[in-house]
Amino acid sequence: MNGSGSRIEIGALPGRPCSAAAALQVVGEKWTLLAVREIFFGNHRFEAIARNTGAPRDRLAARLRSLEHAGLVERRPYSERPPRHEYHLTEAGRDLAPVIWALLDWGDRWVHEEPPVVMVHGPAATTDPESRGEGDGSHGHDLDTAWICRTCGEEVVRGSLTVDVRSPGWDRTGPASAPATP
């Protein structure tokens with residue numbers, strides 16, 4: 001991991017060696033990703049993060065410490081008396097934005113009938129539908145994300161991916177069988 005965070009040794013985790021498993025060791029708990037969401041939304045103070053996530057204060061404090069230790073969040077002082085800090089995403093934390101977007105998209109499709117939060121792409125958005133400038137290009141538009149392959153420039157769609165397992169001793173189905181001995 002770049003910055004002050006430490007890498008998780010993939011081989012030290014049980015099961016298939018996988019970067020997803022290692023990532024989930026860092027961010028795979030509900031309050032962790034909700035804290036990242038709030039900081040991503042621009043809420044940097046503990047009180048706002050606690051209020052907007054609904055997390056128990058002790059659990060949120062522990063999650064923010066673990067995010068800081070992993071190098072995803074940095075604390076910045078905003079008051080000397082009493083000493084108080086804000087939380088800001090590092091480059092590694094900002095790189096979680098597509099994860100947050102994907103969870104929002106999935107929740108909009110499979111959990112909520114009407115999206116409670118909409119990401120807007122383009123110039124500063126407004127919450128007032130009357131002043132959104134429908135179609136005049138003066139304001140952003142609802143984000144509609146897609147995966148684009150950086151190598152070929154094509155959109156990644158279902159069925160266009162295959163799995164290439166590169167961990168020694170593993171294949172797509174699990175641990176590779178030892179070759180039969182003659």
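The following dialogue reads selected features of a predicted model.

Me: What conventions apply to the numbering and to the values?

Reply: Numbering starts from 1 along each chain as its sequence is written. The model is predicted, so that local features need pLDDT of at least 70 and side-chain atom pairs count only at pLDDT 80 or more, whereas totals for chains, interfaces and linings use all residues; side-chain values use heavy atoms, with hydrogens and water left out.

Me: How many helices and strands are there in the protein, and in what order do the elements run?

Reply: Helices (H or I, at least four residues) and strands (E, at least two) are DSSP runs, numbered from the N terminus. Here there are six helices and six strands, and from the N terminus the order is α-α-α-α-β-β-α-α-β-β-β-β.

Me: What span should helix α6 have, and which of its residues are buried?

Reply: The expected span of a helix is 1.5 Å times one less than its number of residues. Helix α6 (residues 97-110) has 14 residues and should span 20 Å, which agrees with the 20 Å between its end C-alpha atoms. Its buried residues are Ala-97, Ile-100, Leu-104 and Gly-107. Seen down the axis of α6, these buried residues fall within an arc of 95°, so they line one face of the helix; the arc is that of the directions from the helix axis to the C-beta atoms.

Me: Which elements do the buried residues of α6 pack against, and which exposed residues does the face turned away carry?

Reply: Contact means heavy atoms within 4.5 Å. The buried residues of α6 pack against α2 (30-40) and α5 (91-94). The face turned away from the buried side carries the exposed residues Trp-106, Arg-109 and Trp-110.

Me: Is Thr-53 buried or exposed, and what does its side chain reach?

Reply: Thr-53 belongs to helix α3 (residues 46-53) and counts as buried, at 11% relative accessibility. A polar contact is a pair of N or O atoms within 3.5 Å; within protein, one must be able to donate a hydrogen and the other to accept it, and residues adjacent in sequence count only if both atoms are side-chain atoms. A polar atom of the Thr-53 side chain lies 2.8 Å from the backbone oxygen of Ile-49, and the side chain of Thr-53 also reaches the backbone oxygen of Ala-50 at 3.4 Å. Leaving aside neighbours within four places in sequence, Thr-53 is in contact with residues including Trp-31, Leu-34 and Leu-60.

Me: In what sense do β1 and β2 pair, and where is Pro-82?

Reply: Two strands pair if DSSP finds at least two bridges between them. Strands β1 (residues 73-79) and β2 (residues 84-89) pair in the antiparallel sense over six bridges; Pro-77 has His-85 in β2 as its bridge partner. A hairpin of four residues joins β1 to β2. Pro-82 is in the loop between these strands, and a cis peptide bond joins Arg-81 and Pro-82, with omega about -5°.

Conventions:
Buried < 20%, exposed > 50% of the residue type's maximum accessible area, 1.4 Å probe, protein only.
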